[in-house]
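Welcome! Please take a look at the sequence and the structure below, and keep them in view as you read.

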Amino acid sequence: MQSRIPPSARTGGRPRSAAADTAILEATRQALVELGWSKLTLGDVATRAGVAKTTLYRRWAGKSELVVDAVAELFDELELPDRGSLAADIEGVVLQFAALLSRPETKTALMAVVAESTSDAPLRERIRTSIVDRQKRLVLAGRQRAQQRGELPPEPDPAAAARTADLIFDVTAGAVVHRALVSAEPVDQEWAHRFTLLLLGGLAAAAAQ
């Protein structure tokens with residue numbers, strides 16, 4: 001797997017090893033599942049990954065930053081399917097997202113960093129840039145494809161288009177995370193279909209204004 005650490009997290013000095021990054025992030029996720037946030041240490045991660053502890057400290061300032069990047073790598077696995085229509089594409093992303101959230105390493109890591117971020121503004125910012133902003137690519141790609149199909153009207157105003165993309169992302173991510181992790185209810189095909197109808201109805205109403 002190719003290392004997906006954002007450029008902002010990289011430091012100067014010797015070139016970074018993609019293999020070491022991958023091993024460290026995988027070890028972080030495993031340690032979180034087995035130990036939990038409070039018992040997770042960079043020393044334990046280094047031992048699991050087979051690297052020196054100094055290797056971690058050259059890459060990450062602390063545990064919070066490391067865990068965010070470990071989560072971000074999982075979310076980078078999400079892809080926008082091409083199922084032939086906007087509705088089908090949305091359902092595909094929703095089901096893929098729910099499947100990702102069902103994995104113990106995703107669930108544990110995401111809940112941990114979100115809880116810690118409530119009292120850590122820099123951590124909230126890192127979550128936004130490393131996870132939220134990067135995953136908005138799915139919304140942008142899906143909207144562009146739908147506009148090319150004629151399913152959505154063009155949005156010539158860049159500021160308005162950005163606001164719409166933010167809203168679509170917030171509604172979709174918020175609904176799926178709440179359903180899967182807070183309510184602990186299944187995100188199945190039926191739920192994904194009903195959610196998609198609701199989302200498309202809202203988009204149509206907004207476009208008509």
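## Before we start

This is a predicted model, in which local features need pLDDT of at least 70 and side-chain atom pairs count only at pLDDT 80 or more, while totals for chains, interfaces and linings use all residues. Residues are numbered from 1 along each chain as its sequence is written, and side-chain values use heavy atoms, with hydrogens and water left out.

Helices here are DSSP runs (H or I, at least four residues), numbered from the N terminus.

## Helix 1 and its neighbours

Let's begin with helix 1, which covers residues 18–35. Its 18 residues reach 25 Å from the first C-alpha to the last, close to the 26 Å expected at 1.5 Å a residue. The expected span is 1.5 Å times one less than the number of residues. After helix 1 comes Gly-36, with a positive phi near 85°.

## Two helix pairs

Two packed helices are described by the angle between their axes and the distance between the axes. Axes are lines fitted to C-alpha atoms, for helices over the stretch in contact, and angles run from 0 to 180 degrees between N-to-C directions. How do helix 1 and helix 4 cross? Their axes come within 9 Å and cross at roughly 100°, which means that helix 1 is roughly perpendicular to helix 4. As for the cut-offs, under 35 degrees is roughly parallel, over 145 roughly antiparallel, 65 to 115 roughly perpendicular, and the rest oblique. Thr-22, Ile-24, Leu-25, Thr-28, Arg-29 and Leu-32 of helix 1 meet Leu-66, Val-67, Asp-69, Ala-70, Glu-73 and Leu-74 of helix 4; contact means heavy atoms within 4.5 Å. These residues divide into seven nonpolar, two polar and three charged. Ala, Val, Leu, Ile, Met, Phe, Trp, Tyr, Cys and Pro count as nonpolar, Asp, Glu, Lys and Arg as charged, and the others, Gly among them, as polar.

Now compare helix 6 (residues 104–117) and helix 7 (residues 121–149), which pack at about 135° with axes 8 Å apart. That angle makes helix 6 oblique to helix 7. Val-113, Val-114, Glu-116 and Ser-117 of helix 6 make the contact with Leu-123, Arg-124 and Ile-127 of helix 7.

## Helix 8 from end to end

Helix 8 (residues 158–182) has 25 residues, so at 1.5 Å a residue it should span 36 Å, and the 34 Å between its end C-alpha atoms agrees. At its start, a side-chain oxygen of Asp-157 reaches to within 3.1 Å of the backbone nitrogen of Ala-159. The buried residues of helix 8 include Ala-161, Ala-165, Phe-169 and Val-176. Following helix 8 is Ala-184, whose phi is positive, near 55°.

Is Arg-59 buried or exposed? Arg-59 lies in helix 3, and it counts as buried because its relative accessibility is 10%.

Arg-137 lies in helix 7 and is partly exposed, with a relative accessible area of 32%. Leaving aside residues up to four places away in sequence, Arg-137 touches Phe-75, Asp-76 and Leu-78. The C-alpha atoms of Arg-137 and Ala-165 are 9.4 Å apart, although 28 residues separate them along the chain.

Notes. Helix = DSSP H or I, 4+ residues; strand = E, 2+ residues; numbered from the N terminus. Buried < 20%, exposed > 50% of the residue type's maximum accessible area, 1.4 Å probe, protein only. Polar contact = N/O pair within 3.5 Å; in protein donor to acceptor, adjacent residues only side chain to side chain.
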